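Take a look at it first, and then follow the sections below.

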Amino acid sequence: MSEQTKTEGTGITRRRALETTALAAATAIVGFPTVLRAQEPVTLRIAGTGVNAYNEIAEKAKEDLGFNIQYTTLVSDDVVKRAVTQPTSFDLLDVEYWMIKKIVPAGTLLGMDTKRIALFDEIVPIFTKGELPDGTKIADQGTAPFEVSFLEEEGGKTFASGATEFMTAIPTVYNADTLGIRPDLIGRPIESWTELLNPEFQGKASILNIPSIGIMDAAMVCEAMGAVTYADKGNMTKEEIDQTIAILTEAKKDGQFRAFWKDFNESVNLMASGEVVIQSMWSPAVTAVRQQGIPCVYQPLKEGYRAWAAGLTVPVHLDDRMRDAAYEFVNWYISGWVGAFLNRQGYYTAVLETAEEYMTPNEWGFWMEGQPATAPILSPTGELLDEPGAVRDGGSYWERMGAVACWNAVMDEDRYMVRKWNEFIAA
Amino acid sequence: MRALAPYLQALPLALVFATFFLVPVSLVVVVSFFDYQTYQVLIPDFVFFNYVDVFTSNVTYRTYLNTLKFCLLTWAITLILGFTIAYFLAFEIRSVPLQIFCFLLCTIPFWTSNVIRMIAWIPFLGRNGLVNETLLAWGVIDAPIDWLLYSDFTVVLGYVHLYTLFMIVPIFNSMLRIDPALLEAARDQGASAFQVLTNVVIPLAKPGIAIGSIFVVAIVMGDFVTVNVLGGGQIASVGKTIATELSYLQFPPAAANAVVLLGVTILMILALIRIVDIRKEL
């Protein structure tokens, strides 16, 4: 069970990954008679949570760059484990920023040379300065990307306080997360994180059992209830952890939760089957429920969003040829096509301008500007997501990213938190 | 040379045993005394706090109690079920081909992965599942029964479904070795069917019962998948605690927990072996 198919993303990535692998294998076999050719096509092995491991991206990379892409999709915690303990098992790491904080001190990542990134200046300043493009500061609670975006030196084990030439990762995708609800089964407006623990939904709520993310959702709830005051939700003190876990435990004992989920598909099933009507959720999971024709809303809440971000980075073991290929792939990744593809999944891409060129005005208006759709909105794979006139949950990029309250995080009291979280699960 | 031969014969198995059992377990024991930090997975050291953490946390005791509860329930149910089915196969069915056919029937569920067999219960037992919808339609209940899914009940149900065969096989095997003449003799001496069962069949099937029990106890004690899938992630087990610690790169406390779990399981199996001397009976 360690190598699960999915954490975030659509449901069939394992198969897609297998197809890709099979494709690569087939290419290798077909290529056998011409083995005397100077160089085989580059195969990039990408390990990550699979949040953006789409076969369409691999195919497009093959078409544009001639590279074979192999994905290894792991659950979040296993990505960290893999990066620290088996860094030679991948050529590019698709990493979330909170993980970076754990991995960089291990010294297995090289970091990315910004001089080799053509569009470096176009990357949204969330990552480079901690600001939204209009200059307002973005929330810094939790592991905010800009805090772990730069290294002191290439391959360094410490983070730089300001911008340097070496980024830990080139950002690719990010989003603002909130609670998913079944509007048809709830039948009234939901406006606050407190609703997760509202006794009205006793036995019909769920929270995700990935401690570092679950604790943040719990903190959003406790803070909204006014039960706990945090100095920094993303870096709690032991007392704050105790208080948060105590509230969760009490709710659990009262039978508030139907289940806890760890895996993307579990959250989809819980919601689609009606076992749960309100729960922590990820954006593509909401889409997956809706694709089954079941109403599901990614409900914006007045206290704001819990955000996360991911990027691509290289391990230290690559030789020059592979490193060149990795840079070429990363440059291609932010050059527009992939960005448009990811935006259509409901994610956000790191370089907005290039993505816009690849989207129709209707798509750009719907996904990025919060405008009503003027034509049917299709998923990247062609399924109908929304009819004309629909508006995206939460509205525009600015409304959503501007309302971020905290980031997925690794706390200083991580060790204590995991122990307490285990107690909560055992309670 | 003659003296060396038995050692050479034992060597391959000894090597396999050393490589795949002794070395890993020793490593786990060693690591359980290491220190750890968030950013440094293993810090060689000789500290006891991983064990102190395990033994001073009341969660440990609650978790073990819970796991033992599952273990006991599963053991009792699979034993009764397994024994009954094995008895039926061994003594009630006379023709050997039919016996083999029925035995193969028992193994059919094992043709799919155990995760799939587990997950199959979810649409069956859910709030809008088959059982609840049927009972609602028949008017037996007014509201869906919630405890059918994601509860202790579901977890035990899952274990019984998955592991009864591990009871059936060794008990069936022991029963096949019972000489039918013994049963006949007992009956001739005036023993009732129940007396035959308690005085002849059960004592002679003991090794099978012991082996089946070891399988079930060892599997349930270490399980973390079933309890997670069918318990809705809400129910604790020792294996799950270890899995959570591992996923957080907290190897030393996970190792300490694993050593304690290993100790407890070995004690349970030793107790079983005290009751039945398997080697003598085989």
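Axes here are lines fitted to C-alpha atoms, for helices over the stretch in contact, and angles between their N-to-C directions run from 0 to 180 degrees. With that in hand, find helix α7 (residues 211-225) of chain A, which lies across β9 (205-208) and β11 (278-280) of chain A. The helix α7 of chain A runs at about 130° to β9(A).

Both of those strands belong to an open sheet of five strands with mixed pairing, in the order β10-β9-β11-β8-β12 (chain A). At its edges are β10 (257-261) and β12 (297-299) of chain A, each of which pairs on one side only. On average, neighbouring strands of this sheet are turned by 25° against each other, with direction ignored. Towards one end of the order, strand β8 (residues 179-181) of chain A pairs with β12(A) in the antiparallel sense over three bridges. Among the residues involved, A:Leu179 has A:Gln299 in β12(A) as its bridge partner.

## Confidence and overall form

Please keep in mind that this is a predicted model. Chain A has a mean pLDDT of 86, and 91% of its residues reach 70 or more. Residues 1-37 of chain A are a stretch to treat with care: pLDDT stays under 50 there, although the model has 59 contacts for them beyond four places in sequence. Where pLDDT is low, the predicted coordinates should not be read in detail.

Chain A holds 16 helices and 17 strands. Its radius of gyration is 21 Å, close to the 22 Å that the globule rule gives for 427 residues, so chain A is as compact as a globular protein of that length. Along the principal axes, the C-alpha atoms of chain A fill a box of roughly 70 × 50 × 45 Å. Of the 427 residues in chain A, 53% are buried. Among contacts in chain A with a separation of 6 or more, 72% come from residues 24 or more positions apart.

## A covered strand and its partners

How many of the residues of strand β13 (residues 305-313) of chain A are buried? Nine of its nine residues are. In a regular strand the side chains alternate between the two faces of the sheet. Both faces of β13(A) are covered: one side has A:Tyr305, A:Ala307, A:Ala309, A:Gly311 and A:Thr313, and the other has A:Arg306, A:Trp308, A:Ala310 and A:Leu312.

Several strands pair with β13(A). Strand β7 (residues 170-177) of chain A runs antiparallel to β13(A) and is joined to it by seven bridges, with A:Ala310 as the bridge partner of A:Val173. Strand β3 (residues 92-96) of chain A also pairs with β13(A) in the antiparallel sense, over four bridges, and here A:Val95 stands opposite A:Gly311. Strand β17 (residues 404-407) of chain A runs parallel to β13(A), with three bridges between them; A:Arg306 stands opposite A:Cys406 in β17(A).

## Where chain A meets chain B

Between the two chains, 28 residues of chain A are in contact with 23 residues of chain B. On the chain A side, α3 (76-85), β10 and α16 (414-426) each supply at least two residues. Which element gives the most to the side of chain A that touches chain B? That is α16(A), with seven residues. By class, this side of chain A has twelve nonpolar, five polar and eleven charged residues.

Conventions. Residues are numbered from 1 along each chain as its sequence is written. Chains are lettered from A and ligands numbered from 1 in the order in which they are written. This is a predicted model: local features need pLDDT of at least 70, side-chain atom pairs count only at pLDDT 80 or more; totals for chains, interfaces and linings use all residues. The radius of gyration is taken over C-alpha atoms; the globule rule is 2.2 Å times the number of residues to the power 0.38. A residue is buried if 20 or more other C-beta atoms lie within 10 Å of its own, exposed if 12 or fewer, and partly exposed in between; C-beta atoms are placed from the backbone. Two residues are in contact if their C-beta atoms, placed from the backbone, lie within 7 Å. Two strands pair if DSSP finds at least two bridges between them. Ala, Val, Leu, Ile, Met, Phe, Trp, Tyr, Cys and Pro count as nonpolar, Asp, Glu, Lys and Arg as charged, and the others, Gly among them, as polar. pLDDT is the predictor's confidence in each residue, from 0 to 100.
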